[in-house]
Amino acid sequence: MRAAGLLVYQVLQKMKEMVAEGVTTMDLEVEAERLIRDAGAKPAFKGYYVPAVGSRFPYVLCTSVNDEIVHGMPSAKRVLKRGDIVSIDTGVQLHGYYGDSAITVPVGEVNGQVQRLLDVTREALERAIDQARPGNRLFDICGAVERYVTENGFSIVREYVGHGIGTQLHEEPQVPNYIERKNENPRLKEGMVLAIEPMVNAGKPGSRLAPDRWTAVTKDGSYAAHFEHCVAITSAGPWVLTRP
Ligand code: MG
Ligand code: MG
């Protein structure tokens, strides 16, 4: 899983370097697929079947711009412009194991409130990662994200959640970015790996599906950010598999 995680990291680093005014989200897609295949890995998202949608996701990346929260589709028509933010999410399968990570990248300079949205979402993920320790419970992770985001005046997206990961892209347990008392709250054990992925709206928490049936967008049109890492729970503390 470390090898898969580092490959995802390298792909996302390259994507971050490429993001600029005039680049299309399809430019990112083409380069990401090349990098993944050249490394001898398989893209985890391309062809991934989601029963609720009733079709297979056609791309290597999810690229979600501005008010798109997650699951946006790369397009040659989506030209990035200064002031945009683009969330780039990708996963790979390497030697039978999965890696999954996401970043949100500003295109040039963004306004102060949008920059704060990125900073708060990234920091919420770090605070959650710090809770990924044996003996803690899942709610310690969920609550760390929820508390930090709401304290900073932003909203948690509730319709999409993080997940366990290993020989499957999505495994038990679900990892919500909020505490819901009726959910399971297992104790965290050495050897578990969780994909923790705060999705945060600058405005209200609601989301809706775009007409393509994949892209989740904010109901109120506010911008959304998404950061994700795969974290292994070890006796030595959290081990983030998707960064060096
Ligand atoms: Mg992901
Ligand atoms: Mg994920």
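User: Which residues does asparagine 183 touch, not counting residues up to four places away in sequence?
Analyst: This is a predicted model, in which local features need pLDDT of at least 70, side-chain atom pairs count only at pLDDT 80 or more, and totals for chains, interfaces and linings use all residues. Residues are numbered from 1 along each chain as its sequence is written, chains are lettered from A and ligands numbered from 1 in the order in which they are written, and side-chain values use heavy atoms, with hydrogens and water left out. Contact requires heavy atoms within 4.5 Å. When residues up to four places away in sequence are not counted, the residues that asparagine 183 touches are Phe139 and Pro176.

User: Why does asparagine 183 count as partly exposed?
Analyst: Asparagine 183 is placed in the loop between β10 and β11 (193-196); strands (E, at least two residues) and helices (H or I, at least four) are DSSP runs, numbered from the N terminus. Buried means under 20% relative accessible area, exposed means over 50%, and partly exposed lies in between (1.4 Å probe, protein chains only). Asparagine 183 therefore counts as partly exposed, because its relative accessibility is 26%.

User: How far apart in space are asparagine 183 and glycine 112, C-alpha to C-alpha?
Analyst: Along the sequence, asparagine 183 and glycine 112 are separated by 71 residues. In space, the C-alpha to C-alpha distance between asparagine 183 and glycine 112 is 36 Å.

User: How many residues apart are aspartate 89 and glutamate 228?
Analyst: Both aspartate 89 and glutamate 228 are buried. Aspartate 89 belongs to strand β6 (residues 85-94), whereas glutamate 228 sits in the loop between β15 (224-226) and β16 (229-234). This pair links distant parts of the chain, and the separation in residues is 139.

User: Which residues are the protein donors of the magnesium ion (ligand 2)?
Analyst: For ligand 2, the donors lie 2.1 to 2.3 Å from the ion. Their spacing along the chain is D-x62-H-x33-E-x30-E. The protein donors are Asp100 (OD), His163 (NE2), Glu197 (OE) and Glu228 (OE).

User: In which strands do aspartate 100 and histidine 163 lie?
Analyst: Aspartate 100 and histidine 163 are both buried. The two residues are 63 residues apart, and the pair links distant parts of the chain. Aspartate 100 and histidine 163 lie, respectively, in strands β7 and β9.

User: Which residue coordinates both the magnesium ion (ligand 1) and the magnesium ion (ligand 2)?
Analyst: The two magnesium ions, ligand 1 and ligand 2, are 3.2 Å apart. The residue that bridges them is aspartate 100.

User: Which residue in β17 stands opposite isoleucine 233?
Analyst: Two strands pair if DSSP finds at least two bridges between them. Four bridges join β16 to strand β17 (residues 237-240), and the strands run antiparallel. β16 and β17 form a hairpin, with two residues between them. In β17, the residue opposite isoleucine 233 is proline 238.

Notes
Donors = N, O, S within 2.8 Å, 3.2 Å for Na, K, Ca; no water.
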